[in-house]
Amino acid sequence: LTPSTILSLPLQWFPILKDGFLQVGEFHLPVASEKPHANYSTLPPDVQLPGIKWVDGHKSVFKVTLHTVSSIHTQDAQLQSFFNYCHSNFASASASGTPG
């Protein structure tokens with residue numbers, strides 16, 4: 001590479017949380033040829049974003065498989081609801097100065 005050579009790396013992002021849950025499974029991802037706006041990182045990659053140039057016309061370029069191995073993020077909706085309930089009660093008790 002010479003000092004005047006511009007190297008452009010393709011970019012991809014993937015919002016790992018959806019509706020408060022970790023996303024798991026196989027995902028086919030397109031790749032952008034330029035850096036997107038910062039707020040685009042919360043959108044899934046299948047959304048057509050204005051002003052973004054995609055490699056291979058927004059087709060899937062590679063796939064990623066995610067598996068959950070976590071004691072923090074549950075995949076059980078009822079257990080997650082219980083955690084959210086406990087968290088909101090703890091937060092409201094802390095805000096009012098009442099012992100939890």
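**Entry 1: a surface patch**

I looked up Val55, Val61 and Phe62 and found that they form a nonpolar patch on the surface, with about 210 Å² of accessible area together. The model is predicted, so I note the limits: local features need pLDDT of at least 70, side-chain atom pairs count only at pLDDT 80 or more, and totals for chains, interfaces and linings use all residues. Residues are numbered from 1 along each chain as its sequence is written, and side-chain values use heavy atoms, with hydrogens and water left out.

A patch takes residues with over 30% relative accessible area and no salt bridge; nonpolar side chains (Val, Leu, Ile, Met, Phe, Trp, Tyr) are joined within 5 Å, like charges within 9 Å. Accessible areas come from the Shrake-Rupley method with a 1.4 Å probe, and for residues only the protein chains shown count as cover.

I then placed Phe62 in strand β4. Strands are DSSP runs of E with at least two residues, numbered from the N terminus. Phe62 has a relative accessible area of 36% and is partly exposed. My cut-offs are these: buried is under 20%, exposed is over 50%, and partly exposed lies in between (1.4 Å probe, protein chains only).

**Entry 2: the salt bridge**

I searched the whole structure for salt bridges (a side-chain nitrogen of Lys or Arg within 4 Å of a carboxyl oxygen of Asp or Glu). The search found one. Lys63 and Glu26 form it, at 3.6 Å from N to O. This pair links distant parts of the chain: Lys63 is in strand β4 (residues 62–66) and Glu26 in strand β3 (residues 25–29), 37 residues apart. Lys63 is exposed at 51%, and Glu26 is partly exposed at 44%.

**Entry 3: aromatic pairs**

I counted ring pairs next. Rings of Phe, Tyr and Trp (its six-membered ring) pair if their centres lie within 6.5 Å; planes under 30 degrees apart are stacked, over 60 edge-to-face, and the rest tilted. The count is three aromatic pairs.

One of them is Trp13 with Trp54: the centres are 5.8 Å apart and the planes are at 35 degrees, so I log the pair as tilted. Trp13 lies in the segment before β1 (17–18) and Trp54 in the loop between β3 and β4, so the pair ties together parts 41 residues apart in sequence. Trp13 is buried at 11%, and Trp54 is buried at 14%.

I also logged Phe14 and Phe27, a tilted pair at 4.6 Å centre to centre with 55 degrees between the planes. Phe14 sits in the segment before β1 and Phe27 in strand β3, 13 residues apart. Phe14 is partly exposed at 24%, whereas Phe27 is buried at 17%.

Key. Helix = DSSP H or I, 4+ residues; strand = E, 2+ residues; numbered from the N terminus.
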